[in-house]
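This briefing is meant to be read alongside the sequence and the model, and it moves from one topic to the next in short groups of points.

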Amino acid sequence: MNQQSVIDLIAQLDSPKIKFAFTDIDGVLRGKIISRQKFLDGLTDGYGFCDVVWGWDSADAPYDNGRTTGWQSGYPDASVRIDLATFRQIPWEDGIPFFLAEFDSVAACPRSLLKRVAEQSRAMGFHAEYAQEFEWFNFRETPHSLQEKGFRQLEPLTPGMFGYSILRPSLESGFNHALFDLLTQFDIPLEGLHTETGPGVYEAAIAHDEVVRAADKAALFKTGVKEIAYRHELVATFMAKWNASLPGCSGHIHQSLWDADQTRNLFFDADQPNRMSALMQQFIAGQLYCLPHITPMFAPTINSYKRLVEGAWAPTTLTWSVDNRTTALRVLNRTEKLTRVEHRVSGADTNPYLALAAALASGLYGIRHQLPLETTASVGNGYADRQYGILPTNLAEATRAMAASPIAAELFGSEFVDHFVRTRDWEWRQYAQQVSDWELKRYFEII
């Protein structure tokens, strides 16, 4: 969409206001509503936005170790650019026009990072086709009731373990159909929506698209689900593991590389073992090689690592397989059109821009360096296949590895890596300062 066509469209809609947003480093959508005139003026003059969004965490607490911005710089405005090609109307907000934005001059900006990686892919002659799927839990709560209950004794949308149930969604058919229909109207078409095993848990697969557009849809999906849930007096959570006794929530990434005109899937070769082309093998080899160096981009929170445990439908080892859900990477190769690699480390708590950037960049690394796929496909229980290594077990360990890694700096640039690992170090230190209920129950009386 060019600038003039957008101006004409906004005039035609006769909307007095515009909403725009971008994701911060944690994947939280930040933005505002502006007047139509301010929007139109900004197309020529640009827009400013307080750069504190790169200097605080998901709870708006300023980092004490930041370099991108901070008290030392006075939190000035930074230049933000609205991407006119991302135009949508929000169907659950009376069709208000909506755009995504990015910070071209801020190395920490996740969307700008992914666009740089996508450009590398195009320069190598590839079209990167991606999709992210999400699991999440829904509760019959409000933001106020969550606070009043201290996040305990929460009421799920529906009780019991009802994976792939036809019965349970019919109990909440208004919410179920609103998700599918409204998200589709918001240009986030779903391939599927169903219940997963657990009380009130859903899973949705977003239709695949070019990698940047796929990340746009994934980022908007998470906030869209939460906003639609609000309108049904529900709260949705994308925590990786909200309850130790229940399954975690994944954010699996489906990925393939096609030729530039998108007519041939470059991962498919009918004459090779498992119908995996040499390019696909190099792509997988790169992802496995780089994964220990960039794990925080797939598992960015303290809670992420509670999901990455044995027997919890999430991987713990540096493994790949053909259609096996116990490994880090899962090859799906029924037909040329459907051949792809599923990255199963990524959780629902990821920032989609960072997770997809990490997946694509590490695969391209394997192609650029022509890495051979030296590991063999895991058969059976991938948790037991530890010969090639295991994933980091907590955020501190993963962050230290990324901070010290020349691979991470090669993939994403030292300025981005410096900012990102500082934010993950901050996150770990906030956690380490807390005294948990477990500690009180364990030690209060007996020690």
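This is a predicted model: local features need pLDDT of at least 70, side-chain atom pairs count only at pLDDT 80 or more; totals for chains, interfaces and linings use all residues.

With seven residues, β6 gives the most to the lining of the second largest pocket.

- At least two lining residues are supplied by each of the strands β6 (126-139), β7 (190-195), β8 (201-206), β11 (253-259), β13 (329-332) and β14 (340-343).
- By residue class, the lining of the second largest pocket divides into 15 nonpolar, 13 polar and 13 charged residues.

**The cavity**

- The structure holds one cavity of 30 Å³ or more, and the space in the largest cavity comes to about 40 Å³.
- The residues that line the largest cavity are Thr 158, Pro 159, Gly 160, Phe 162, Arg 168, Thr 195, Glu 196, Gly 198, Gly 200, Val 201 and Tyr 202.
- In the lining of the largest cavity, four residues are nonpolar, five are polar and two are charged.

**The five-stranded sheet**

- Five strands form an open sheet with mixed pairing, in the order β2-β1-β5-β4-β3; its edge strands, each of which pairs on one side only, are β2 (29-35) and β3 (47-50), and the twist from one strand to the next averages 40°.
- Within this sheet, strand β4 (residues 77-90) and strand β5 (residues 96-102) run antiparallel and are joined by six bridges.
- Ile 82 has Ala 101, in β5, as its bridge partner.
- As background to these pairings, strands of a sheet pair through backbone hydrogen bonds, in either a parallel or an antiparallel manner.

**The chain as a whole**

- The secondary structure of the protein chain comes to 14 helices and 14 strands, and 56% of its 447 residues count as buried, where buried means under 20% relative accessible area.
- Taken along the principal axes, the C-alpha atoms of the protein chain fill a box of roughly 65 × 60 × 55 Å.
- The radius of gyration of the protein chain is 22 Å, which agrees with the value near 22 Å that a compact globule of 447 residues would have.

Conventions:
Residues are numbered from 1 along each chain as its sequence is written. Side-chain values use heavy atoms; hydrogens and water are left out. On a 1 Å grid over the protein atoms alone, a cavity is a set of points where a 1.4 Å probe fits but cannot get out, and a pocket is an open set with protein on both sides within 12 Å along at least five of seven lines; lining residues have an atom within 4 Å of a point. Grid points are joined across faces, edges and corners, and a volume is the space filled by probe spheres set on the points. Ala, Val, Leu, Ile, Met, Phe, Trp, Tyr, Cys and Pro count as nonpolar, Asp, Glu, Lys and Arg as charged, and the others, Gly among them, as polar. Two strands pair if DSSP finds at least two bridges between them. Helices (H or I, at least four residues) and strands (E, at least two) are DSSP runs, numbered from the N terminus. Axes are lines fitted to C-alpha atoms, for helices over the stretch in contact, and angles run from 0 to 180 degrees between N-to-C directions. The radius of gyration is taken over C-alpha atoms; the globule rule is 2.2 Å times the number of residues to the power 0.38. Buried means under 20% relative accessible area, exposed over 50%, partly exposed in between (1.4 Å probe, protein chains only).
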